[in-house]
Amino acid sequence: MCGIVGYIGLRDATPILVEGLKKLEYRGYDSAGIAVYSGEDILVRKVKGAIKYLEEKITKETVHGCLGIGHTRWATHGEPSDLNAHPHLNENGTIAVVHNGIIENYLKLKSWLQGEGIVFRTQTDTEVIAHLVNYYYIKEKDIFKAVQEALKKLEGSYALGVLCKDFPDRIIAARKESPLIIGLGKDENFIASDVPAVLEHTREVYFLDQKQLAVLYADHVDLFDGDGNKVIKEPYHVDWDISSAEKNGYEHFMLKEIHEQPKALTDTLRPRLIAENGKICDIKFDEIKKNDDTFWKNAKRIVITACGTAYHAGVVARYAFEKFARIPVVVDVASEFRYMNPILNKDDVFIVISQSGETADTLAALRLAKAAGVHVIAITNCVGSTVSREADDVVYTWAGPEIAVASTKAYTTQLACLYLIALKVAKLRGQLTDEVYCSLLKELSCIPDKVQQILDDKANIQKFVSQNYNKEKVFFIGRQFDSASSLECALKLKEVSYMHSEAFAAGELKHGPIALVDPSTLVVATATVPELYEKLASNIVEVKSRGAATFVITQDTTGAFKAAADQIVSIPDTEPAFAPILSIIPAQLFSYYCAIHRGNNPDKPRNLAKSVTVE
């Protein structure tokens with residue numbers, strides 16, 4: 001979850017490292033630091049807190065050189081502090097290390113190294129790596145071989161950047177589980193945890209594979225497998241517009257990304273919808289190799305696993321697959337799935353969802369499914385990610401960079417991909433007539449424009465927030481698809497506003513949750529299934545009679561909720577199965593404006609990281 005940057009070239013490394021760290025702030029951090037080779041020594045500057053404090057420290061204590069590594073830390077071992085911040089050094093300060101991940105056997109290694117007379121200064125697992133590399137460097141006299149030997153002892157996950165004073169012409173990088181990219185420049189090269197950190201300098205990158213190492217020089221990069229054999233691979237060209245990773249006049253990335261959803265949905269849907277004679281008639285899914293009726297007719301079950309927001313997309317997808325394709329679906333949180341000795345059959349289809357493609361628990365679930373011989377389809381936003389490389393098939397959400405920690409456009413584009421798969425499977429299994437199939441595809445193609453309509457009319461949401469941002473409890477309720485999407489509504493609010501929020505199936509209110517309802521409560525009801533309007537209106541009356549404020553998100557035009565709701569936000573009419581893409585937009589805006597009114601930075605919620613690459 002930490003952020004790593006590194007630079008080697010002809011320019012001053014310090015400003016490049018600091019700017020790179022700023023581009024990785026969205027990953028979450030509690031401290032930051034850099035190590036730069038000055039021509040004589042490795043100079044380390046690190047501080048607890050925001051990167052601005054690191055900048056202040058560097059301004060007072062000059063740090064210059066053409067070789068360096070940097071890090072933003074999200075604490076796992078040892079409290080956030082100046083001392084525990086990265087980079088970490090060996091005892092005599094000749095080797096510096098930055099690390100993203102968790103070393104699971106660090107206590108055993110630490111005890112052994114202490115037995116060898118090494119004195120530790122910090123509480124971190126990463127310091128073990130610096131001393132371990134030094135231990136083998138004394139034996140090997142070669143920093144690459146020393147790193148190789150050290151990696152053999154490490155258990156857990158890591159992305160590493162290593163400097164050695166005796167080898168001032170190179171950076172050693174390595175990864176296992178945690179993401180790391182190599183940026184290729186002219187007479188300069190870079191390492192980073194993610195593309196935005198290098199996008200200002202280069203668009204040519206290598207995505208390091210599992211257990212690969214890289215040696216970066218100013219004029220070239222050598223890649224190696226875990227056994228030290230050279231690896232040849234083609235660089236990937238990043239074609240993002242650099243403005244995609246900038247705010248472009250918006251106060252926060254979260255608000256910008258909420259407003260980018262019409263484009264992101266269009267980019268995700270349009271290339272996959274086939275039109276003939278001006279009529280959308282089919283879905284093009286070249287990404288899914290087994291895209292035939294025999295495979296899907298033989299499939300007995302779909303298993304979906306993911307974490308957080310992606311898991312909520314999977315819950316919505318369960319309703320879609322079962323409604324359209326009439327195939328049973330199981331949805332599990334990946335962190336539970338990996339430990340539950342799951343029952344998997346070769347005629348299952350396994351779908352994993354991860355915005356980053358690096359989520360540790362989701363990767364573990366994917367590998368369980370692969371080991372069981374199950375066909376795995378991945379839905380991810382990140383080309384070259386570990387999930388995309390290890391799955392049998394990959395369906396990309398063309399959402400572009402998502403910088404805010406709280407996912408918005410990632411979620412809606414994941415839903416778009418899942419709807420496409422569900423409809424295609426329904427057609428292949430003979431569950432939809434041509435007429436209904438084409439009608440649904442046409443409606444799906446209209447979703448981006450309908451999202452834009454909601455964004456263009458957000459004044460009512462802002463006004464309602466100004467009156468209700470201080471509620472002690474917020475409950476989101478709904479039925480069927482609306483119940484599923486309420487999970488994501490509640491998560492968004494708690495992530496960025498820190499308000500206590502929960503989601504309940506509306507019919508469960510009387511089975512316990514209604515005991516919590518009082519005048520300090522806000523109840524947000526999502527109502528997009530017409531045949532259930534009457535029942536949901538009854539639920540709203542029940543909570544309102546107990547003093548709760550009520551807010552309804554609906555596509556109803558009959559006035560079914562007029563008497564019970566304090567505020568109604570209307571969304572455009574659509575197929576109820578597709579409504580979760582529309583109904584989440586008001587909830588995202590509601591969460592964002594609540595965060596603003598409460599004085600929070602919605603881009604960087606406390607204690608959270610964008611990509612959870614450790615358990």
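**Reading helices and cores**

Leu 423 touches Ile 283, Phe 324, Leu 432, Tyr 437, Leu 440, Leu 441, Leu 444 and Phe 578, leaving aside residues up to four places away in sequence.

Visitor: What kind of model is this?

Guide: It is a predicted model.

Visitor: Which residues of the largest nonpolar core touch the most other members?

Guide: Phe 321 and Leu 423 do, in a core of 92 residues. Helix H13 (residues 409-428) gives the largest share of this core, 13 residues.

Visitor: How many residues of H4 are buried?

Guide: First, the general idea. An α-helix has 3.6 residues a turn, so residues three or four places apart point the same way. Now the case here. H4 is mostly covered, with 12 of its 15 residues buried. Among them are Val 128, Ile 129, Leu 132 and Tyr 136.

Visitor: What do the buried residues of H4 pack against?

Guide: They pack against strands S5 (88-89), S6 (95-103) and S7 (156-164). They also pack against helices H3 (106-115) and H5 (143-153).

Visitor: What span should helix H4 have?

Guide: At 1.5 Å a residue, the 15 residues of H4 (residues 126-140) should span 21 Å. The end C-alpha atoms are 21 Å apart, which agrees. Lys 141 follows H4, and its phi is positive, near 60°.

Visitor: Is Val 315 buried or exposed?

Guide: Buried means under 20% relative accessible area. Val 315 has 14%, so it is buried. Val 315 sits in helix H9 (residues 308-325). Val 315 touches Val 331, Ala 484 and Leu 487, not counting residues up to four places away in sequence.

Conventions:
Residues are numbered from 1 along each chain as its sequence is written. This is a predicted model: local features need pLDDT of at least 70, side-chain atom pairs count only at pLDDT 80 or more; totals for chains, interfaces and linings use all residues. Side-chain values use heavy atoms; hydrogens and water are left out. Helices (H or I, at least four residues) and strands (E, at least two) are DSSP runs, numbered from the N terminus. The expected span of a helix is 1.5 Å times one less than its number of residues. Buried means under 20% relative accessible area, exposed over 50%, partly exposed in between (1.4 Å probe, protein chains only). Contact means heavy atoms within 4.5 Å. A nonpolar core is a set of buried Ala, Val, Leu, Ile, Met, Phe, Trp, Tyr and Cys residues joined through side-chain atoms within 4.5 Å.
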